[in-house]
Amino acid sequence: MTRALLIVDVQNDFTEGGALGVAGGDDVARGISRLLAEHAGDYDVIIASRDWHHGDDDNGGHFAAEPDFVDSWPVHCVGGAEGADYDPLLDTSAVTHHVKKGQGVPSYSMFEGAADDGSTVSQILAAAGVDEADVVGIATDHCVRASALDALREGVAVTVLTDLVAGVAPGPSAAALEEIRAAGGSTR
Ligand SMILES: [Zn+2]
């Protein structure tokens, strides 16, 4: 098997103290760093994504002054600003591919993003012959959910590592994991 680790949006604005800070985000960052310290060698490809929005427009309605926290959100992860940086608790030294998404548009799945050389996550996985992926990061009920479901659609066997994800809300996060299992993914 050729294995990938997909690290979704472990960024300052999604961890404690950020514009859309998720409880448990810092622990997720620390836990992923521990996983990488012990097991980076188990993965052939390690892809990390960042939400990376425009600061001078509403990114296709993704930003709103009165957000509904379903389809619209407070300003977050403006490209180049501190909020869009990886959380410093995440050790990115073993990351092989850095992907940005959401430039001017709402973008939940890392499969909608691209590396700076223009390659998409699908292309990176296909080029490496990846058939298995572990998925970790933030937020379980939004970008982790969308990224895991897209990986399954690409024919990759997905396992969400539940100790290494954090969600915005408990109910929707549990529902997201159930949806991933129903689509053929695993959780452990
Ligand atoms: Zn966003």
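I started with Phe69, which sits in the loop between S2 and S3 (strands being DSSP E runs of at least two residues, helices H or I runs of at least four, numbered from the N terminus). Its phi is near 55°, positive although Phe69 is not glycine. I noted that most residues other than glycine have a negative phi.

A reminder to myself: this is a predicted model, where local features need pLDDT of at least 70 and side-chain atom pairs pLDDT 80 or more, while totals for chains, interfaces and linings use all residues. Residues are numbered from 1 along each chain as its sequence is written, and side-chain values use heavy atoms, leaving out hydrogens and water.

Next I looked up Asn59, in the loop between strand S2 (45–51) and strand S3 (97–101). Asn59 also has a positive phi, near 55°. Is Asn59 buried or exposed? Asn59 is buried at 0% relative accessibility, whereas Phe69 is partly exposed at 47% (buried is under 20% relative accessible area, exposed over 50%, partly exposed in between, with a 1.4 Å probe and protein chains only).

Then the zinc ion: I found its protein donors to be Asp51 (OD), His53 (NE2), His62 (NE2) and His76 (NE2), 2.1 Å from it (donors are N, O and S atoms within 2.8 Å of the metal, or 3.2 Å for Na, K and Ca; water is not among the atoms, so sites may look incomplete).

Last, I checked a cis peptide bond between Ile138 and Ala139, with omega about -10°. Ala139 lies in the loop between strand S5 (132–138) and helix H3 (140–153).
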